[in-house]
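Me: I have a model open and want to learn how to read it. Can we take it feature by feature?

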Amino acid sequence: MSALVEAVGLAKSYALRRSISQRLARRPAPALRAVAGVDLMVMRGVTLGLIGESGCGKSTLGRLLLRLHKPSAGSIRFDGIDITHAPERALRPLRPRMQIIFQDPYSSLNPRRTVREILGLPLALHAGLQGAEAEARMLAMLDRVGLARAHLDRYPHQFSGGQRQRIGIARALILRPEFVVCDEPVSALDVSVQAQVLSLLRELRAEMGLTLLFISHDIAVVAHLAHRIAVMYLGRIVEEGPREAVTRRPAHPYTRALLAAVPRLDRPGTPAPRHLGGELPSPLTPPPGCPFHPRCPEAGPRCRREVPALVAVPKSDAHRAACHLLAGGVA
Amino acid sequence: MTVAEPLLAVRGLRTVFPTRRGLLAACDGVDLQLAAGEALGVVGESGSGKSVTFLSVLGLIRPPGRIEAGEILFEGRNLIRLPAAARRALRGRAMALAMQDSLSALNPALTIGTQIVETILAHGLARSRAAARDRAVELLHRVGIPSSDRRLNDYPHQFSGGMRQRAMIAIALAAEPKLLVADEPTTALDVTIRAQVLDLIDRLRRERGLAVALITHDLGVVAERCDRVMVMYAGQVVEEGPTAEVIASPRHPYTRSLLASLPSLEDPDRPIDAIPGQVPDLTRVDAGCRFRNRCPLAVELCMQPVELRALGANRLSRCIRAEEVA
Ligand SMILES: Nc1ncnc2c1ncn2[C@@H]1O[C@H](COP(=O)(O)OP(=O)(O)OP(=O)(O)O)[C@@H](O)[C@H]1O
Ligand SMILES: Nc1ncnc2c1ncn2[C@@H]1O[C@H](COP(=O)(O)OP(=O)(O)OP(=O)(O)O)[C@@H](O)[C@H]1O
Ligand code: SF4
Ligand code: SF4
Ligand SMILES: [Mg+2]
Ligand SMILES: [Mg+2]
């Protein structure tokens, strides 16, 4: 197996506007570190699930991997090609090979374009397809996502949420990409519609041999689709490994807290376990040392000083975590 | 009022909205009961009438929408018959609503403290502004907002999502209501923060006998937090019963389909089954079972009106083949 996408030390900071007092004091604009040094590989044909709380940097990481954002540090390779600083011109031949499906089926489709225009644009732009040839491709794709010819000349508002998400999927897949970032593609959908879209993604993934980065805050949904799972906290990957290992033998205290907080259907009535306290700290003022230490039930003095590195979890295959407690260490 | 008498009893509630396509009965013949200290989970897909049912109870249906039939008994008094002023007073004090979107429910131009203080004063729960302020500090503290005396001066945008939710619950609880309607109060929150908010609601229920109607899409939340669950479909209650029993052995094909469509963390590779077809257009429904176009058990008889009927001591199902659902 080879890595289709590889990130090393990847980081992204957003420069925020200075407040008046900062300007008067001539202090530099504050920077928000949305992604703070991520090492990650996505192997060809593998679905990597990405979970973590709101604002931890999941979307930013997904967009960085597609080079929809410019990284502040680190490097990105796609199929062995270094795209870290590639100009748009150099990225263009790669664009059809990497696509994105967005969360919000309402705002991610241009309301003034028909389905024909939405799907036709990438075909014309990247595949040079027009007319009958393009239409044949569109119809085949629509059919594949469960829509019909009659839908081709309708506008997004004429569809239900689930149908709109199918259009979003059709748009992302019509160029037959290899790598697709799915950024919360079912979060806005009702559970029964969610099930339809998840099943569709599973089928298409098998048919087209897709490599996916599947972002969601719903761990059960991620586990249903992903081979491997990465857990993010405050811009960092704190754990990554095979689905079974991460969900059944989590190595990081945050992953354990996250799993404990998921409401389960199969243990109704049992009192909920003790939940994690505290708030997600602001990425503007990340805590020193382990980013999780202010909330970690197992934090010790070392955690307040040293950032733990993402290292192999002992006795667990291809499983990494970032915690001082690993391998019998002290916190 | 005897102990067994529920705090809230709704019978035959029908709330309608005139639309361009005709009259739409968003809830149509809804019956429900809720006792003090009880948590009732309300589930069902989008548009099934969950919010409209409880907005009707709270008296928040705006014209041209109107309650067309039914009764809403709160502590034994029919709210629909009560004079408007008495009804408003009762609803303001005894019932509260916590909504999904906390940012839009809070006024962005006023500090959190001002909003809580105004609510307390509006309900005459404090003699002076200073006393109301003290109470606001205490309320914020109780919903788990640290250094609450300082945070009182913050504006909503200075709070995190979880803190806003909790502030909103503080406002909802300022009048010490007996009934809290929590309409998707936590879907926008992360699991760990969401668990904190639900823990808080749980504690108030146990310690103060708050009755809670928890409206949500998340059956997992209901499983953990509510003893009883009511499943709605196309404006009607289709199943009701103890949550553990309903999940273990649903007695309505819709509930069963809903459960089958959820991925499970325990068994992640279990295939999930989508429910085929679509919810009927509520302006075009007939007297027959509203689930029949999607129901795997549908037979000709399902075109006749189907009543919500008792199955044993505490289960209800609106299905003629309830006994066969497995
Ligand atoms: N364009 C931007 N300018 C400034 N800050 C940004 C920008 N985009 C994102 N951020 C900040 O970067 C952090 C990470 O955001 P991101 O959208 O990647 O998080 P996320 O994990 O996808 O969250 P969610 O689950 O809510 O989608 C957040 O603190 C966010 O406020
Ligand atoms: N003000 C209104 N005017 C017209 N129709 C309305 C109005 N409010 C609600 N409806 C309709 O009533 C039905 C029930 O709506 P309701 O908001 O109760 O659904 P819900 O179960 O709460 O859904 P969700 O899970 O999406 O919140 C829907 O078909 C809705 O479109
Ligand atoms: S390094 Fe310390 S604070 Fe961080 S997760 Fe491990 S024990 Fe907790
Ligand atoms: S009454 Fe008939 S159509 Fe309705 S749920 Fe039961 S079996 Fe299905
Ligand atoms: Mg995101
Ligand atoms: Mg609603």
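Predicted model: local features only at pLDDT ≥ 70, side-chain atom pairs only at ≥ 80, totals over all residues.

**Reading helices and a ligand shell**

Reply: Start with a crossing: α10(A) and α8(B) cross in a left-handed way. Left-handed means that the near helix is turned anticlockwise from the far one by less than a right angle; clockwise would be right-handed. Helices (H or I, at least four residues) and strands (E, at least two) are DSSP runs, numbered from the N terminus.

Me: Which residues of α10(A) and α8(B) make the contact?

Reply: A:A257, A:L258 and A:A261 come from α10(A), and B:V191, B:T192 and B:A195 from α8(B). Contact means heavy atoms within 4.5 Å. By class, there are 5 nonpolar, 1 polar and no charged residues. Ala, Val, Leu, Ile, Met, Phe, Trp, Tyr, Cys and Pro count as nonpolar, Asp, Glu, Lys and Arg as charged, and the others, Gly among them, as polar.

Me: How do I read burial, and is A:T255 buried or exposed?

Reply: Buried means under 20% relative accessible area, exposed over 50%, partly exposed in between (1.4 Å probe, protein chains only). A:T255 has 2% relative accessibility, so this residue is buried. A:T255 sits in helix α10 of chain A. Leaving out residues up to four places away in sequence, A:T255 touches A:V231, A:E239, A:V246 and A:P250.

Me: Where does B:L139 lie?

Reply: In helix α5 (residues 129-142) of chain B. B:L139 is buried too, at 1% relative accessible area. Among its contacts, beyond four places in sequence, are B:I116, B:I120 and B:L173.

Me: How many residues of helix α11 of chain B are buried?

Reply: 6 of its 8 residues, so the helix (residues 253-260) is mostly covered. The cover of those buried residues includes α7 (191-208) of chain A, together with α9 (219-225) and β9 (228-233) of chain B.

Me: Which classes form the shell around ligand 4?

Reply: A residue is near a molecule if one of its heavy atoms lies within 4 Å of it. Around ligand 4 that gives 8 nonpolar, 1 polar and 2 charged residues. Among them are B:H252, B:C289, B:R292 and B:R321.

Note on methods. Residues numbered from 1 in each chain as written. Chains lettered and ligands numbered in written order. Heavy atoms only, no water.
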